[in-house]
Amino acid sequence: MKLLVIGSGGREHALAWCLAKTPGLQKVFVAPGNAGTAAERGLENVDITDLDALADFAEEEKVSLTIVGPEAPLAAGIVNLFRTRGLKIFGPSKEAAQLESSKDFAKRFMTRHGIPTARFASFSERASAHAYVDQQGAPIVIKTDGLAAGKGVVVAMTVDEAHAALDRMLPAEGPRAPKGSRPGQVVIEEFLEGEEASFIVMVDGKDVLPLASSQDHKRIGDGDTGPNTGGMGAYSPALVVTPEVHAKAMREIILPTVRGMAAEGMPYTGFLYAGLMIGKDGSVKTVEFNCRLGDPEAQPILMRLKSDLFTLLDHAVAGKLDQVEASWDRRVALGVVLAAANYPSTPRTGDVISGLPKASEDSEDSHVFHAGTSERDGQTVTAGGRVLCVTALGDNVKQTQKRAYNLIIGIHFDGMQYRHDIGHRAMPR
């Protein structure tokens with residue numbers, strides 16, 4: 001049996017690493033993969049990104065199942081393509097992936113189906129957007145409508161910050177418009193108070209299998225300061241997701257979304273990620289939807305998964321998720337992202353990485369997942385904003401945090417930056 005994981009980031013490394021444990025597996029192809037997946041036993045990188053070429057490859061290699069990691073191929077319709085060619089693939093169709101590829105679509109969908117979320121308005125013209133911000137005041141949230149690799153969100157604490165974000169996201173109008181510029185769109189939302197958590201499930205079109213809860217750390221700096229990033233680290237389980245919050249998220253957000261998508265003729269299959277805002281009063285609102293596993297949430301979540309991942313995926317593709325359950329390690333998993341110089345604005349690439357443990361040196365309690373890495377002249381170099389995710393397991397958050405940060409000590413590349421407080425919200429206060 002052969003499997004194919006599409007993508008090149010830390011999420012895809014974690015997926016392929018987890019799938020490589022499947023009994024009777026011949027190989028996991030990763031397209032295009034990174035320097036980490038190239039070094040893993042049982043994995044093989046394939047330098048293909050074109051969707052038709054990927055479908056051809058899956059046919060030629062008789063791939064049993066393809067798993068899509070990132071959002072861009074989903075939004076481009078890779079699932080539709082594979083299905084028309086009779087190839088098994090796990091992920092939402094292009095139509096269903098609009099839950100992530102268009103913030104405006106997602107917000108309107110939630111409004112139609114009574115799913116709790118922040119009040120919002122959408123704009124494609126600067127003048128009306130600026131006027132709305134002046135009317136609403138700050139703090140306020142500005143979001144790019146389309147895909148932005150997790151970085152198209154500005155939480156503006158002042159009106160001036162909101163206006164500056166609008167000027168960046170929306171093109172100038174009239175004679176000042178840059179030549180060849182296309183209309184953009186932004187979603188402006190009310191600022192929600194509370195604590196965020198990541199709630200990720202598997203969906204087969206009708207049934208849902210929740211994964212372990214997790215909490216991401218979006219801001220670049222310690223103490224949740226600085227600009228938003230794609231995620232600087234995560235841990236699982238998230239203490240803020242109590243049994244009551246879990247039940248409410250399933251009842252008020254996840255199940256209405258799955259039923260609503262089916263009712264609108266876009267049955268949802270794949271990973272579904274709901275970013276939750278949990279209020280002090282126990283209320284739960286949807287910050288956003290992603291149509292994939294989170295990154296870096298995937299790394300600690302999959303470290304804790306004791307069930308065979310392929311079995312879960314196979315049941316999901318067959319529409320039989322109601323026949324399986326997921327088993328989780330009782331311990332805490334925590335991952336710390338090591339980011340490149342100048343991340344998140346203009347990350348520098350090409351810096352040599354030293355001190356990486358060999359795949360054989362990783363213990364059962366830790367793993368270094370690669371995200372933005374590549375090989376050059378026999379050396380591993382940085383090739384993206386988020387470079388590595390150093391992930392560990394432990395009996396509690398404090399022990400796991402210490403284990404992960406001890407692993408980081410020996411790793412180096414010029415300009416390396418990381419947060420020193422991943423998991424701080426779960427620490428005793």
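**Entry 1: Getting started**

I began with a term: a helix is a DSSP run (H or I) of at least four residues, and helices are numbered from the N terminus. I also noted that this is a predicted model.

**Entry 2: Empty space inside**

Rolling a probe the size of a water molecule over the atoms shows where empty space is left. How many cavities of 30 Å³ or more are there? I found two cavities of 30 Å³ or more.

I looked up who lines the second largest cavity, and the list includes Met-202, Phe-271, Leu-309, Leu-312 and Trp-328. Helix H11 (298–304) and helix H12 (309–317) each give at least two residues to this lining. By class, the lining has ten nonpolar residues, no polar and no charged ones.

I stayed with H12 for a moment. Its buried residues are Leu-309, Phe-310, Leu-312, Leu-313 and Ala-316. They sit on the same side of H12, because they cover an arc of only 160 degrees around the axis. After H12 comes Gly-319, and its phi is positive, near 75 degrees.

**Entry 3: The largest cavity**

Next I checked the lining of the largest cavity, where I found Leu-99, Lys-103, Ala-106, Lys-107, Met-110, Lys-143, Glu-189, Val-287, Glu-288 and Phe-289. These divide into five nonpolar, no polar and five charged residues. Which element supplies the largest share of this lining? Helix H7 does, with four residues. Both H7 (103–112) and strand E17 (284–290) supply at least two residues each.

I picked out Lys-103, which is in H7. Is Lys-103 buried or exposed? Its relative accessible area is 14%, and buried means under 20%, so Lys-103 counts as buried. Leaving aside residues up to four places away in sequence, Lys-103 touches Lys-143, Thr-144, Asp-145, Gly-146, Val-187 and Glu-288. Among these contacts, Lys-143 and Glu-288 also line the largest cavity. I also looked at Asp-145, which is 42 residues from Lys-103 along the chain, yet their C-alpha atoms are separated by 4.8 Å.

Which strands pair with E15? Strand E12 (residues 215–216) pairs with E15 in the antiparallel sense over two bridges.

**Entry 4: A look at Thr-380**

My last stop was Thr-380, which lies in strand E21 (residues 379–382). Its relative accessibility is 19%, so I noted it as buried, the cut-off being under 20%. Which residues does Thr-380 touch, not counting residues up to four places away in sequence? They are Ala-35, Asp-351, Val-352, Ile-353, Leu-356, His-370, Thr-373 and Ser-374.

Terms used:
Residues are numbered from 1 along each chain as its sequence is written. This is a predicted model: local features need pLDDT of at least 70, side-chain atom pairs count only at pLDDT 80 or more; totals for chains, interfaces and linings use all residues. Side-chain values use heavy atoms; hydrogens and water are left out. On a 1 Å grid over the protein atoms alone, a cavity is a set of points where a 1.4 Å probe fits but cannot get out, and a pocket is an open set with protein on both sides within 12 Å along at least five of seven lines; lining residues have an atom within 4 Å of a point. Grid points are joined across faces, edges and corners, and a volume is the space filled by probe spheres set on the points. Ala, Val, Leu, Ile, Met, Phe, Trp, Tyr, Cys and Pro count as nonpolar, Asp, Glu, Lys and Arg as charged, and the others, Gly among them, as polar. Two strands pair if DSSP finds at least two bridges between them. Buried means under 20% relative accessible area, exposed over 50%, partly exposed in between (1.4 Å probe, protein chains only). The arc is that of the directions from the helix axis to the C-beta atoms. Contact means heavy atoms within 4.5 Å.
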